[in-house]
Amino acid sequence: MEALSSRGSSDIAERARFDVELSITVMRVLGHLHAGRVDPATVRLRLPRAHSRTDLAALALTLARAVDVDAALAELEPPYAGYRMLTRLLPRYRALAADSTPSTAARARRGHAPRRRLR
């Protein structure tokens with residue numbers, strides 16, 4: 001944004017394009033945060049479409065006017081304990097995904113199931 005400001009008023013179209021792209025991205029993030037990234041129907045869940053009429057522009061405006069952006073974003077998060085647990089565990093899952101050491105699950109997927117000793 002600073003680079004756009006330093007160029008002067010000759011780049012009004014570039015600033016407008018940046019503003020539109022930023023607004024679209026913010027609304028996409030807010031939509032994903034508020035309603036989720038996965039449509040329940042794709043995983044065969046028959047849930048009501050409660051979020052289909054969410055006014056993303058109004059949410060973006062609320063966020064832009066917020067004094068505490070983190071608190072405003074937290075209000076949009078799903079209020080479910082399962083969601084909070086998943087967000088706490090996300091760093092662990094990302095670390096496991098980044099680990100290049102073959103795991104038991106990965107070996108099992110390749111057809112090398114772990115062998116158990118018989119007693």
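A pocket is, on a 1 Å grid over the protein atoms alone, an open set of points where a 1.4 Å probe fits, with protein on both sides within 12 Å along at least five of seven lines; lining residues have an atom within 4 Å of a point. The model is predicted, with local features requiring pLDDT of at least 70 and side-chain atom pairs pLDDT 80 or more, while totals for chains, interfaces and linings use all residues. Residues are numbered from 1 along each chain as its sequence is written, and side-chain values use heavy atoms, without hydrogens or water.

The lining of the second largest pocket includes Asp19, Val26, Ala60 and Leu63. Helix H2 (12-35) and helix H3 (56-65) are the elements that give two or more residues to this lining. Helices are DSSP runs of H or I with at least four residues, strands runs of E with at least two, numbered from the N terminus. The chain has 6 helices and 0 strands.

Of the 119 residues, 10% are buried, that is, under 20% relative accessible area with a 1.4 Å probe, protein chains only. The largest nonpolar core has 7 residues, among them Leu30, Leu63 and Leu76; such a core is a set of buried Ala, Val, Leu, Ile, Met, Phe, Trp, Tyr and Cys residues joined through side-chain atoms within 4.5 Å. H3 provides the largest share of this core, 3 residues. Leu63 touches Val26, Leu30, Val69, Ala72 and Leu73, residues up to four places away in sequence not being counted; contact means heavy atoms within 4.5 Å.

How values were computed. Buried < 20%, exposed > 50% of the residue type's maximum accessible area, 1.4 Å probe, protein only.
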